[in-house]
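Please read them with the coordinates open.

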Amino acid sequence: MGDIHITSTIGLLLAGCLAAGVFADLVHLPKVTAYLLVGLLVGPSALDLVPTDHVTVVEPLLKLAMALVLFNLGCEFTFSKVRRVAKHCLMISAGEILLTLVLVSLGLFLFGCDSKMALLLGCLGVATAPATTILVLKEFRSEGPVTESTGFLVALNNFACIVLFEFAFLAIEYSQGKIETSLGGELLSVLSNVLGSIILGIAAGLFVSYGCGFLNMKRWLVLLVAAITFLLGIDESFEVPYMLSFLMMGVTVANTSDYKQKIVDELDHLSGLLAVLFFVAHGTELDLGAFLTAGKLGAVYIVCRMLGKWLGVYATAKATRQPRELRQWGGACLFAQAGAAIALATIAVHRDESLGKPIQDIILGSVVLFEIIGPLFIRKSLLQTGEVPLAQAIHHTSRTPVEQLRNLVDRFRSALRRSDPTPSAIGKVKVSDLLRKTKGIHQSADFDQVVDHIEHSHDNTYPVVDDSMSVVGVIRYPLLSDVLFDHSAAKLVRAEDLVSDLQSCLHLDDPATKAFELFQGETDDCIPVVDRNSPHSLVGVVRRSDVMHALITSRRKKPKSGKKFRRRG
């Protein structure tokens with residue numbers, strides 16, 4: 001590209017992402033994977049359109065993007081949620097981390113890898129790419145036990161990876177006699193870096209919570225960017241793990257601010273744009289040559305890491321009697337790997353080039369595969385567990401320029417006639433395409449269990465089922481107010497005592513238009529979906545928001561019949 005200016009490079013990368021987003025919609029591909037493939041295409045491994053020094057210049061923006069993702073991830077962890085998720089996820093995390101470490105280290109050692117190199121690669125194998133994983137979950141707006149557990153496991157994976165790597169490298173240097181000071185002093189140095197990173201994150205989180213508490217919302221974005229960029233600079237200056245800082249910053253805001261969700265929403269547009277740049281720029285750094293250079297040891301690392309992640313989650317979840325969906329698909333959500341592993345591999349090169357260089361080659365080579373297949377496995381897992389409606393995962397194809405022109409004319413005519421949207425725009429969408437799986441609340445559940453279910457739900461209507469999973473009615477949140485403030489009654493109440501009659505239900509093969517019509521006549525924000533066959537067991541729910549989302553996206557397509565929509569009634 002010769003002497004192209006860096007701003008043109010950024011424009012080229014963003015334009016490539018725009019095209020990649022359209023391509024992803026056409027082939028039903030996660031956008032993260034599409035962005036990485038575009039970066040790989042315009043990078044040195046293919047067309048070589050992006051100068052290497054330009055990617056180096058925008059490196060601070062890429063770290064800022066990672067910081068924002070980690071901050072958003074931390075904001076998900078209120079203490080109440082941590083206590084609830086930790087009950088089943090701590091054991092799963094420990095089993096997954098341990099098995100990944102052992103399988104990668106042992107597998108590489110058995111295939112001729114040096115023991116020190118195998119140990120460090122085992123530690124790096126624990127890391128999961130937070131940006132890739134979390135942004136795929138956000139793209140599909142998934143909800144459920146697998147989604148919730150994945151966020152927690154990603155956070156623990158990266159924390160464990162950093163700590164394990166530092167202690168493993170310290171043990172290697174001690175065994176080689178390279179430590180000039182005492183072992184205790186080096187241990188204290190490692191612990192102080194980790195502790196310092198956490199303290200900085202907590203301080204920044206308190207500052208944000210305090211500032212957003214009295215500043216006008218119009219000034220929040222400036223405050224947030226100032227706090228995040230300043231903290232990133234402090235971490236870089238003192239060489240402490242910035243990922244831990246921003247994770248703890250988010251956790252602190254989640255537990256000290258009344259405006260946590262509004263703060264996250266305020267950063268969404270900025271983090272979305274930077275994330276696009278992050279992935280396409282990261283894609284330019286993917287080196288197909290390194291993937292081939294990794295050779296046999298690279299293949300062993302890839303197989304052992306994937307096996308460790310999946311088998312670790314499966315075995316531990318089965319031993320602790322976790323839901324089948326989490327056992328089978330939880331590990332597949334942890335395959336993506338990038339930022340943390342690459343950064344630590346680079347640190348290994350700086351500390352000991354002869355040891356770190358082959359480690360870096362294997363990491364850079366394997367990342368090419370993990371970053372491309374990781375989002376695909378996450379998408380597959382979300383669809384299999386029913387934590388994202390099928391219609392939301394399948395994007396409609398884009399319009400041609402002629403269709404877009406016709407659409408503009410149609411919208412103008414519609415505005416002149418003041419016509420309203422009609423459910424016929426949903427077309428051939430079925431209830432099964434909008435389904436969100438849920439097990440409902442058992443009628444024998446006590447009041448505390450009912451409240452716990454409601455606390456972690458996004459709905460205002462909750463199906464209640466009997467032993468055969470048949471829906472016996474629904475609990476509506478507004479009707480709980482009397483019991484919530486009557487502590488003596490709360491001890492005696494069961495779910496069946498709070499049930500209201502079920503006014504309507506849906507079946508999997510019903511058209512989405514039926515759901516639209518039912519929502520028009522009631523205030524509930526979800527309707528139970530039951531099996532047509534006896535005993536009419538609960539399959540899941542359809543949300544009002546998902547029906548409207550399908551309506552909006554379907555209206556963007558020109559009807560095949562060419563007929564105009566007419567207002568009903």
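The points below run from the overall fold to single residues.

1. **Basis.** This is a predicted model, in which local features need pLDDT of at least 70, side-chain atom pairs count only at pLDDT 80 or more, and totals for chains, interfaces and linings use all residues. Residues are numbered from 1 along each chain as its sequence is written, and side-chain values use heavy atoms, with hydrogens and water left out.

2. **Overall.** The protein has 24 helices and 6 strands. These are DSSP runs numbered from the N terminus: helices are H or I with at least four residues, strands are E with at least two. Of the 569 residues, 49% are buried. Buried means under 20% relative accessible area, exposed over 50%, and partly exposed in between, with a 1.4 Å probe and protein chains only. Among contacts between residues at least 6 apart in sequence, 76% join residues at least 24 apart. A contact is a pair of heavy atoms within 4.5 Å.

3. **Helix α2.** This helix covers residues 31–42. The expected span is 1.5 Å times one less than the number of residues. Helix α2 is largely enclosed by the rest of the structure, because 9 of its 12 residues are buried. The buried set is V32, T33, A34, Y35, L36, V38, G39, L40 and V42. Their packing partners are α1 (6–27), α7 (130–139), α12 (260–285), α13 (288–319) and α16 (353–385).

4. **F23 and A34.** F23 lies in helix α1. F23 counts as partly exposed, at 42% relative accessibility. A34 is one of the buried residues of α2. F23 and A34 are 11 residues apart in sequence, and their C-alpha atoms are 7.5 Å apart in space.

5. **Aromatic pairs.** How many aromatic pairs are there? The count comes to 9. The rule takes rings of Phe, Tyr and Trp (its six-membered ring) with centres within 6.5 Å; planes under 30 degrees apart are stacked, over 60 edge-to-face, and the rest tilted. F278 and F279 make an edge-to-face pair, 5.1 Å centre to centre with 85° between the planes. Both F278 and F279 are buried. F335 and F377 are also edge-to-face, at 4.9 Å and 85°. F335 sits in the loop between α14 (324–329) and α15 (339–351) and F377 in helix α16, so this pair ties together parts that are 42 residues apart in sequence. F335 is buried at 4% relative accessible area, while F377 is partly exposed at 30%.

6. **Charges over rings.** R305 lies over the face of F370, 4.5 Å from the ring centre. The charged end of R351 sits over the ring of F169, 5.2 Å from its centre. The test requires NZ of Lys or CZ of Arg within 6 Å of the ring centre and within 35 degrees of the ring normal.

7. **Cavities.** There are 4 cavities of 30 Å³ or more. On a 1 Å grid over the protein atoms alone, a cavity is a set of points where a 1.4 Å probe fits but cannot get out; a pocket is an open set with protein on both sides within 12 Å along at least five of seven lines; lining residues have an atom within 4 Å of a point. Points are joined across faces, edges and corners, and a volume is the space filled by probe spheres set on them. The largest cavity has a volume of about 60 Å³. Its lining is L70, L73, P130, A155, N158, F159, I162, M243, L244 and L247. Helix α8 gives the most, with 4 residues.

8. **Second largest pocket.** The volume of this pocket is about 1600 Å³. It is lined by 48 residues, and those closest to its centre are I342, A343, L344, T346 and I347. Helix α15 gives the most to this lining, with 9 residues.

9. **N157.** This residue is found in helix α8. Is N157 buried or exposed? N157 counts as buried, at 0% relative accessibility. Leaving aside neighbours within four places in sequence, N157 is in contact with E96, I97, V126, A127, T128, K309 and L334.

10. **H507.** The loop between α22 (487–490) and α23 (512–520) holds H507. H507 is buried, with a relative accessible area of 14%. Beyond neighbours within four places in sequence, H507 is in contact with V431, V529, V530, D531 and R532.
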